[in-house]
Amino acid sequence: MSRPVPKPGILDIAPYTPGKSGAGVAGRVFKLSANETPLGPSPKAIAAYKAAADHLEDYPEGSSRVLREAIGRAYGLDPDRIICGAGSDEILNFLAHTYLGPGDEAIHTAHGFLVYPIVTKAAGAKIVTVKEKNLRADVDAILAAVTPRTKIVFLANPNNPTGSYLPVDEVKRLQAGLRPDILFILDAAYSEYVGKNDYECGIELVATSNNVVMTRTFSKIYGLAAIRLGWLYAPAHVVDVLNRIRGPFNVSIPALKAGIAAIRDIAHVEKARAHNDKWIAWLAEEIARLGLHVAPSVANFLLVRFPDEPGRTAKEADAFLMKRGLILRLVASYGLPDCIRLTVGTEEANRLVVAALADFMGRKS
Ligand SMILES: Cc1ncc(COP(=O)(O)O)c(C=O)c1O
C-alpha cells in the first residue's frame with residue numbers, strides 16, 4: 001500500500017538513546033547517566049520558573065532578548081551575535097539544516113557526541129567519522145578527512161563521553177587548516193567545568209573569524225536540563241540566517257526567566273564547580289585503585305574501561321550497579337563497548353559507586 005515516505009537518509013538514523021532514568025528500578029535510585037548536576041539549579045532559577053506560571057497565556061518575546069543581554073553581560077559578548085534555543089540540540093539542528101544538504105559532508109570524531117550524525121543525516125548529508133588518538137580528537141586526521149564536499153566540522157570541546165579536550169593552540173590549528181567556507185562548530189557544553197589554562201571555550205575564535213560558532217547549554221552546570229535551554233555565539237551572518245529558520249517563539253517564558261536568574265547566580269555556579277573538582281578527582285583515584293582504567297576528564301563525568309573478561313565486563317558492571325540503584329551509561333553506541341560513563345554525583349552517590357565497583361571487582365567470577 002502506498003504511504004508517505006521520508007526523504008533519503010532519515011531511515012538511516014539510529015534514534016538517540018538517552019541515559020537510563022531509573023524507571024522500574026526498585027528502591028532508591030541515583031541517576032548518573034546524563035551528566036546532570038547533582039546540585040540542581042540555582043534556587044533563584046527555580047523561583048523565577050515558578051513565577052512564570054502566573055502568565056502562561058502569553059507568548060514569549062521571540063528573540064529571547066533579555067536572556068541574550070544577560071548572557072552578553074556575563075561573558076562580555078554582543079547580544080546581537082547570540083541566538084537562544086530549546087537546548088543546544090535545537091541549535092545544532094538549525095546549523096545542520098541551514099548549512100548541509102544532499103551531497104554535502106560533515107565531519108565528526110569517532111567518539112563524538114551522537115547528535116552530530118543525527119542532525120547531519122536529517123539534513124540529507126553524509127557524516128564522515130574520523131579516528132581519535134588516545135580518546136582525543138586528532139587535528140591532523142580531521143584535516144586529512146576534508147574534501148571539497150565538506151561543509152561542517154563538529155568538535156565537542158570538552159568531548160562527551162571521553163572527557164578529553166583540545167588545547168586552544170590545537171583548536172586554532174584546526175580552524176586555520178579549514179577552508180573559510182567550512183563551518184566549524186565548537187560545542188562547549190561542558191566548558192564551565194574546565195580548569196585548564198590552555199583551554200579556551202571558543203569565544204576568542206568566534207570573535208576573530210567568519211566561520212566559527214560556539215554552542216553552549218544551560219543543561220549541565222546550570223542544572224536546567226528539564227527546561228531545554230541553550231545558546232549560540234556566532235558571526236553576524238550566521239545569526240542572520242539562523243533567525244530566518246528559527247521558530248518564532250522557540251524558547252518558552254519559564255525557560256527564559258529561569259535562564260536569566262541562573263546566569264546571574266555566579267555563587268551557585270562556583271559551588272557546582274567546586275563540588276565537581278573535589279569529587280571527580282576523588283572518583284578517578286578511587287576507581288583507578290580498583291584496577292580499572294579511568295580516562296582523564298576535564299568535565300563532570302568519567303569514562304571507565306572494564307576488562308574483556310567474563311564476569312568483569314562493562315555490561316556486567318552496569319547490570320551489577322543497576323541492581324544497587326546506581327544508573328550509569330553504557331557507551332557502546334559511541335564506539336566504546338568496554339566502557340561505562342559515570343557522571344559525578346552527590347557525595348552519597350559517589351561513595352556508593354566506588355563501594356559497588358569495589359564489590360564488583362572483588363567478586364569471584
Ligand atoms: C557535547 C554535548 N553537546 C550538547 C549537548 C546537548 O545539550 P542540550 O541539553 O543543551 O541540548 C550535550 C548533552 O548531553 C552534550 O553532551
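Helices here (H or I, at least four residues) and strands (E, at least two) are DSSP runs, numbered from the N terminus. A word on the source: this is a predicted model, in which local features need pLDDT of at least 70 and side-chain atom pairs count only at pLDDT 80 or more, while totals for chains, interfaces and linings use all residues. Residues are numbered from 1 along each chain as its sequence is written, and side-chain values use heavy atoms, with hydrogens and water left out.

Helix 2 covers residues 65–75, and L67, R68, A70, I71 and G72 in it are buried. Buried means under 20% relative accessible area, exposed over 50%, and partly exposed in between (1.4 Å probe, protein chains only). The cover over these buried residues includes strand 2 (82–85), strand 8 (230–233) and helix 9.

Which residues does F218 contact, leaving aside its neighbours within four places in sequence? The partners of F218 are L67, I71, G223, L224, A225, L229, G230, W231, G259 and I263. Contact here means heavy atoms within 4.5 Å.

## Helix 1 against helix 9

Two packed helices are described by the angle between their axes and the distance between the axes. For helix 1 (residues 43–51) and helix 9, the angle is about 155 degrees and the axes are 8 Å apart. Axes are lines fitted to C-alpha atoms, for helices over the stretch in contact, and angles run from 0 to 180 degrees between N-to-C directions. Helix 1 and helix 9 are therefore roughly antiparallel to each other. For these terms, angles under 35 degrees count as roughly parallel, over 145 as roughly antiparallel, 65 to 115 as roughly perpendicular and the rest as oblique.

On the helix 1 side, the contact is made by K44, A45, A48 and Y49, and on the helix 9 side by P254, K257, A258, A261 and A262. Sorted by class, this contact has seven nonpolar, no polar and two charged residues. In that sorting, Ala, Val, Leu, Ile, Met, Phe, Trp, Tyr, Cys and Pro count as nonpolar, Asp, Glu, Lys and Arg as charged, and the others, Gly among them, as polar.

## Helix 12 and its two partners

Helix 11 (residues 314–323) packs on helix 12 (residues 347–362) at an angle of about 125 degrees, and their axes are 10 Å apart. That angle makes helix 11 oblique to helix 12. Here E316, A317, F320 and L321 of helix 11 meet V353, A356, L357, D359 and F360 of helix 12.

Helix 10 also packs with helix 12, at an angle of about 5 degrees with axes 10 Å apart. Helix 10 is thus roughly parallel to helix 12. H275, W279, W282, L283, E286 and I287 of helix 10 make this contact with E347, N350, R351, V354 and L357 of helix 12. By class, the contact of helix 10 with helix 12 divides into six nonpolar, two polar and three charged residues.

N350, in helix 12, is buried, with a relative accessible area of 0%. Not counting residues up to four places away in sequence, N350 touches H275, W279, W282, L283, V344 and G345.

## V269 in helix 10

V269 sits in helix 10 (residues 266–289) and counts as buried at 8% relative accessibility. V269 and I221 are 48 residues apart in sequence, yet 6.6 Å apart in space, C-alpha to C-alpha. Setting aside residues up to four places away in sequence, V269 touches I221 and Y222.

## Loops worth a look

The loop between strand 5 (150–156) and helix 6 (168–177) holds P158, and the peptide bond from N157 to P158 is cis, with omega near 0 degrees. P161 is also placed in the loop between strand 5 and helix 6, and a cis peptide bond with omega of about 15 degrees joins N160 and P161.

Positive phi values also occur in residues other than glycine: S64 has phi near 55 degrees, and N134 has phi near 50 degrees. Is each of them buried or exposed? S64, in the loop between helix 1 and helix 2, counts as buried at 3% relative accessibility. N134, in the loop between strand 4 (126–130) and helix 5 (139–145), counts as exposed at 76%.
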